[in-house]
Amino acid sequence: MIKRYRTLLFGLSLGFILAFTAIHILDSEITSQVVEEASKLIGIEFTQAEKDSMITELQNYRNSYQNIRDLKLDNSVPPALNFNPVPSDKTFDKTQQPNDWDIPADIDLPKTKSDLAFYSIPELASLIQQQKITSVELTKFFLERIEQYDDTLEAVVTVTEELALQQAQKMDQEITNGNYRGPLHGIPYGLKDLFAVKEYKTTWGAAPYKDQVRNETATVAKKLEEAGAILIAKTTLGALAYGDVWFGGTTKNPWNLEQGSSGSSAGSAAGTSAGLFPFAIGTETWGSIISPSNRTGTTGLRPTFGRVSRHGAMALSWSMDKVGPITRSVEDAAIVFDAIRGPDGKDQTVYNLPFNYQPDTDLSSLKIGYLESAFHSDYENRSRDSLTLAKLKELGAELTPVELPDYPVGDLSFILTAEGATAFDQLTLSDRDDEMRRQGKSAWPNLFRSARFIPAVEYIQANRARQVLIQKMDSVMQEVDLYVSPTYGGNNLLLTNLTGHPSVIVPNGFTGEGQPTSITFIGDLFDEGTLLGISQQYQQSTDFHTKHPEYFNN
């Protein structure tokens with residue numbers, strides 16, 4: 001009998017999603033006493049006759065659970081249910097305008113070579129386009145940065161040097177032949193190591209998968225290759241997209257090497273901040289772009305759910321996972337987002353809608369909201385956030401107070417853990433979750449085990465409540481074009497991840513200890529153009545994004 005036999009007495013309540021974690025107990029008898037004990041977990045009482053009547057059906061359920069487990073479904077298989085973040089009667093502009101990226105013509109190589117590490121994408125693009133530097137030279141420069149600094153930072157799982165140099169040589173040949181793909185032509189980047197790249201390990205940051213090689217390349221990597229970008233590194237993530245602790249260590253915050261970078265897009269944010277690559281790709285389910293961007297002083301875009309294909313990416317929550325860029329400026333984020341957005345015919349949740357970047361929008365022409373109660377609460381970054389609001393007013397914005405729906409948002413968070421436990425069903429059943437470094441009560445192994453006792457009925461009820469939340473949030477967004485929030489203001493982070501709204505996080509100052517702080521802009525569904533445009537105007541009126549961690553400035 002395996003170690004989780006003790007779960008038998010609690011695993012039999014009605015509608016549990018794969019209610020048992022033991023796999024060798026199918027002959028154990030289900031009695032009315034077992035039903036009574038299990039019903040305590042769901043807070044419902046049944047009469048003796050009701051309990052007796054359930055037994056046959058519960059046994060049938062349990063047999064079906066085991067038959068489905070025996071299929072050993074891979075993490076890449078999605079459920080036959082797609083989350084739709086679009087409220088009823090919502091319509092979108094479907095006209096794509098040309099996005100004219102302003103590539104400067106007067107950029108020169110820096111006198112101090114290390115300064116190249118913090119050039120923007122348009123600046124690097126100018127150097128490449130004018131052939132002041134080759135893609136191979138630029139790629140080797142960043143590969144050397146990784147070799148120099150990553151033992152300290154722990155932001156890279158795998159250096160993809162051979163692939164990178166092949167891609168760079170191809171881009172240089174195309175430039176020679178007069179073929180220029182656009183602003184990402186020849187620009188190196190890092191890719192969060194939950195995205196598959198053929199012939200390279202895809203570790204998901206976790207010991208049970210540290211030698212895993214998946215025979216595919218993720219869509220986001222393919223799209224970036226088509227845009228001309230050069231993959232130089234697969235970046236660390238907290239194991240199975242949680243935090244900054246991975247099987248090889250803890251990714252550090254470049255501004256404070258005694259501190260972790262936060263996660264789960266830990267290496268993507270830390271490496272971009274430290275100048276190991278010009279930009280990186282991250283993912284977010286509940287804060288995994290926002291949190292490390294806040295910690296490392298980077299700019300992060302969490303796009304609308306359904307904007308970027310997740311094909312080839314590790315699934316944690318099919319209804320909440322999103323893919324977005326982590327960069328050093330809003331303009332860089334817009335350029336990268338434009339390259340990776342759009343359907344691929346594989347991720348069926350992706351919409352084909354335009355992205356019209358609007359960095360010159362008159363702020364006075366928009367309704368810009370701010371979460372009044374959040375800004376007025378007592379929190380650590382209040383003074384700097386107040387200066388952000390003042391700066392927006394200085395730029396012409398008329399700020400409108402708004403409040404998020406009064407709704408039990410926190411009670412819907414088990415949607416994530418239910419889906420995560422399903423995505424990693426085989427990890428739990430095989431006991432390989434014991435190989436994970438983090439084993440505390442809040443770590444994935446325990447959360448996945450606990451989630452197996454979430455009734456299917458309650459999971460569906462939570463998603464019905466989520467639909468109500470989507471409609472309520474749409475009512476808020478009808479009042480404003482976008483709104484500003486303290487990065488961790490109220491329940492904004494969870495709420496907007498549940499509803500699928502896009503978010504941009506930008507640095508807005510530094511603490512007395514020199515730690516970056518941030519502010520968050522939230523836009524309407526599929527309106528990243530306005531959201532990024534206004535965020536860009538705010539960022540260009542400050543210089544916080546031009547500061548870099550001192551240790552990596554050499």
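**A first look around**

Reply: Happy to! With 554 residues, a compact globule would have a radius of gyration near 24 Å, and the chain has 24 Å, so the two agree. Keep in mind that this is a predicted model.

Me: What does the C-alpha trace span along its principal axes?

Reply: The C-alpha trace spans about 85 × 50 × 45 Å along those axes.

Me: And how many helices and strands are there in the chain?

Reply: The chain has 17 helices and 15 strands.

Me: What share of the residues counts as buried?

Reply: Of the chain's 554 residues, 60% count as buried.

Me: What follows α16?

Reply: Gly 500 comes after α16, and its phi is positive, near 85°.

Me: Let's switch to charges. How many salt bridges does the structure hold?

Reply: There are 22 salt bridges in the structure. One of them pairs Arg 214 with Asp 74, and their closest N and O atoms are 2.5 Å apart. Arg 214 sits in the loop between β2 (188-192) and α6 (219-227), while Asp 74 sits in the loop between α2 (48-69) and α3 (121-129), so this pair ties together parts that are 140 residues apart in sequence.

Me: Nice. Is Arg 214 buried or exposed?

Reply: Arg 214 counts as buried, because its relative accessibility is 13% and the cut-off for buried is under 20%.

Me: Which residues are linked with Arg 214 in a network of salt bridges?

Reply: Asp 74 and Glu 216 are linked with Arg 214 in that network.

Me: What about further along the chain? Which residue forms a salt bridge with Arg 432?

Reply: That would be Glu 435, with the closest N and O atoms 2.9 Å apart. Arg 432 is partly exposed, with a relative accessible area of 37%. Glu 435 is partly exposed as well, with a relative accessible area of 37%.

Me: And which residue does Arg 449 pair with?

Reply: Arg 449 forms a salt bridge with Asp 434, where the closest N and O atoms are 3.4 Å apart. Arg 449 belongs to helix α14 (residues 444-451) and Asp 434 to the loop between α13 (425-429) and α14, so the pair ties together parts that are 15 residues apart in sequence. Asp 434 counts as partly exposed, at 40% relative accessibility.

Me: Now the surface. Which residues form the negative patch?

Reply: A negative surface patch is made by Glu 144, Glu 147, Asp 151, Glu 161, Glu 162 and Glu 199. The elements giving two or more residues to this patch are α4 (135-153) and α5 (161-176).

Me: Which element gives the most?

Reply: α4 gives the most, with three residues. As for α5, Glu 161 has its place in that helix, and Glu 161 is partly exposed with a relative accessible area of 43%.

Me: Which residues form the nonpolar patch on the surface?

Reply: Ile 68, Leu 71, Leu 73 and Val 77 form it, with about 360 Å² of accessible area together. Leu 71 is in the loop between α2 and α3. At 56% relative accessibility, Leu 71 counts as exposed, because the cut-off for exposed is over 50%.

Key. Residues numbered from 1 in each chain as written. Predicted model: local features only at pLDDT ≥ 70, side-chain atom pairs only at ≥ 80, totals over all residues. Heavy atoms only, no water. Patch = residues over 30% accessible without salt bridge, like charges linked within 9 Å, V, L, I, M, F, W, Y side chains within 5 Å. Areas by Shrake-Rupley, 256 points an atom, 1.4 Å probe, with all protein chains shown as cover. Salt bridge = Lys/Arg side-chain N within 4 Å of Asp/Glu carboxyl O. Lys, Arg positive; Asp, Glu negative; His and termini not counted. Charge placed at Lys NZ, Arg CZ, Asp CG, Glu CD. Helix = DSSP H or I, 4+ residues; strand = E, 2+ residues; numbered from the N terminus. Buried < 20%, exposed > 50% of the residue type's maximum accessible area, 1.4 Å probe, protein only. Rg over C-alpha atoms; globule rule 2.2 N^0.38 Å.
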